Amino acid sequence: MLHAASAFAAAVRGRLTAAARLTTASTSSSGVVLPRTRTLASHTATPSTSSSSPAAAAAAVVNYSALAARLADLDKHGAVRLGRLALCEKILYSHIAATDPASLDALGPVVRGETYLKLNPDRVAMQDASAQMALLQFMLAGRSTTAVPSSIHCDHLIAAHRGAQADVDSALVSSKEIFDFLESAAAKYGIAFWKPGSGIIHQIVLENYATPGALMLGTDSHTPNAGGLGMIAIGVGGADAVDGMAGIPWELKAPKVIGVRLTGKLSKWAAPKDVILSLAGKLTVQGATNHIIEYFGPGTENLSCTGMATICNMGAEVGATTSVFPFTAAMGHYLRSTGRSDLAARAEAAAREGLLSRDAQSEYDKVVEIDLDKVEPHINGPFTPDAATPISKFKDLVKEKGWKDEVKVGLIGSCTNSSYEDMSRVVSITRQAREHGVERKAEFLVTPGSEQIRATMERDGIMADLESSGATILANACGPCIGQWKREDAAKGEENSILSSFNRNFKARNDGSPNTMNFLASPEIVTALTYTGKLTFDPTRDSVTTKDGKEFRFSPPSGVSLPSAGFDGGRTEYKPELNTEPSPSREIVIPAGSQRLQLLTPFAPWDGRDFTDMRVLVKAKGKCTTDHISAAGVWLKYKGHLENIANNTLIGAVNAYTGKTNSVTNELTGQEDTIPNVAKHYKANNVPWTVIGDWNYGEGSAREHAALQPRFLGCSLVIARSFARIHETNLKKQGVVPLVFRDPADYDRIPAGARLSTIGLSEALASGGSVRLRVEGGGGGGEAPFEVELAHTFSRDQVAWVRAGSALNLVAAANA
């Protein structure tokens, strides 16, 4: 593998030599920052390898006195104003990489929505699907170990089918070469490796690594789950994770901040999930783009730590950069319950000094008021998580839309709702049903969030009660939430509805069927509705009929936030070794001729010229998420093989000209074909092409394959009405230029068959100005050429990524 890295670096050096206006020197004009040596950020300490658990070892990774001193230093140089900072700003700004006086003076006052920050994260977490490409890139960065503590979590490659252990065993066979690759790479570079069956990445992080006041990058869009423990945790693509692991300061435009003021206390059927389901309806799927959601107010003291994690987790569904809660007593309780008493004491001391909450004089760009006393259970969907409906109005909506009044399957779990508290509240409903002779009418699937949760449920009798109620217990993994579900209860093409406590419900996401309507709700509501099998059942008001013909009404669910006897750690064989020191001599395992793993070659640098005579591969109509651009489900097995997974590129996109999915005209042949086939044909014939996107193009997961695949197939430019934050950054990282229509109405002016050319692109990227787009041909051939104006969000460093061909090219060159 060292030979492969050297070859990659040599290829990069050769290509960079030919690239105009590019240097690998560590100067402010180059866009290249030399990596840190093998230390953590200046305010962190290396975890002790003698600790008794991963959680205890991780607890050392924060120095609150240094964080406070860092903010004071920034204030001294005029970068920030102490006494006027939101909590998220305290955490972000205390991780700014600049340390010397000249750099701090050059930074100037940080302005939300304008200033690009270079940050040193404390930790990187990766799930097994995205870790493959992240590690394939990191292998080429020229480092012997990671610069910060990092972890890999095997949760995406386990398909739900026969039940917990059987599904894990099946995955160990079907994905053996992937797990062998990940485990060997982890051993080589000193990365903690959580084996298949250990649990879902975000639950494991919450139990072991989440730290109030720290900064973490995660290769999954629901990384913000750790905000429930007061951490700034941001979902990123694999290339961004490589920055963190390679010690390259990670870049982020200083986000604006939405403050959500909570008052009151949840009661009866209302759950933390309903807070974010309701907020999603208010903000919409793009309403928090380039914002951090910060919760504050007296209501925060009335939520459990895992409840706050649920709320932060689904902030991704409204486009938020991340979400965070101030430190509360519940966080201290959770830290102690998960073996981190020392961290709890230090965090409590920091909170008393005001470090882990907003300043009284801080201001938000927008404030949303939520009275928890008035929060009602919600059901959101189908096909988008922001279609929010209070349960009191959902019955009428079902009738108005003419939906079939049936719940085929109820599913609880996923990284959003698989805590001990969730499961304890769910079992309070199943116990009522058993006591009163109420039989379940829909299939019921349960996913524990981690081995620790599963073992504790088993010890406390929750597991036995769920199984006796007819529930199928799935593996401690993502499963149906991400499309890893070998579903057999519905015929192919059958219109049906499922109800889940998951976080995302895009069309065809869970079972691959566009005819399955997925509605989102709290675990309690999902469980109750499985007993009637009807969408219109409202357990807060309606009764069910027992097997004796009597009417019975469920009492509101009850549960506990933490187990009274503490957590049972479960099977230790799933956990990583406490000593995660690197083993440089370890060989990374990639089988010869593998169809699932493929070494990378560098993308060519940009020559600085305008893109001319581009074909429009597809003009995507409406929602085009990363699921549409790079489908998951059965395609997950190719996450480590770029050439193979490129065969699913944009297969979910709807052609705005015809209304067809995955069907476009090949302008070289005049024939209709699939989108990836046409893209490959254009690439083989050196025909440049672009994609036209609608609003919030690329929303959804953090998967960088949605950027890598188009780049691999020859795409250098994507134009949209607007972009989702993570996807826009991922495109830039891979050397693709994302531009937006200055006038969104110009999206409608791009005709079928048009040829597009940029004018003044290089100058615009350098100056921050607009790009002109010339549109010729198409529309039957009778239209005169015209121009539209495009805008961009590139920073100087991001322009360097594109000029180099990709951000990875810069990293490899800097480490050569």
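1. A helix here is a DSSP run of H or I with at least four residues, numbered from the N terminus. In this predicted model, the helix α7 gives the most to the lining of the largest pocket, with 4 residues.

2. The volume of the largest pocket is about 1,100 Å³. Its lining comprises 41 residues, and those nearest the centre are Ala508, Gly512, Ala632, Gly633 and Val634. Two or more lining residues come from each of α7 (164–174) and α20 (626–629).

3. Which elements give two or more residues to the lining of the second largest pocket? They are the helices α1 (2–18), α21 (642–645), α22 (675–684), α23 (705–712) and α27 (807–815), together with the strand β25 (715–720). Of these elements, α23 gives the most to the lining of the second largest pocket, with 3 residues.

4. By class, 21 nonpolar, 11 polar and 7 charged residues make up the lining of the second largest pocket.

How values were computed: Residues numbered from 1 in each chain as written. Predicted model: local features only at pLDDT ≥ 70, side-chain atom pairs only at ≥ 80, totals over all residues. Heavy atoms only, no water. 1 Å grid on protein atoms, 1.4 Å probe; cavity = no way out; pocket = protein on both sides within 12 Å on 5 of 7 lines; lining within 4 Å. Points joined across faces, edges and corners; volume = space filled by probe spheres on them. Nonpolar A, V, L, I, M, F, W, Y, C, P; charged D, E, K, R; others polar.
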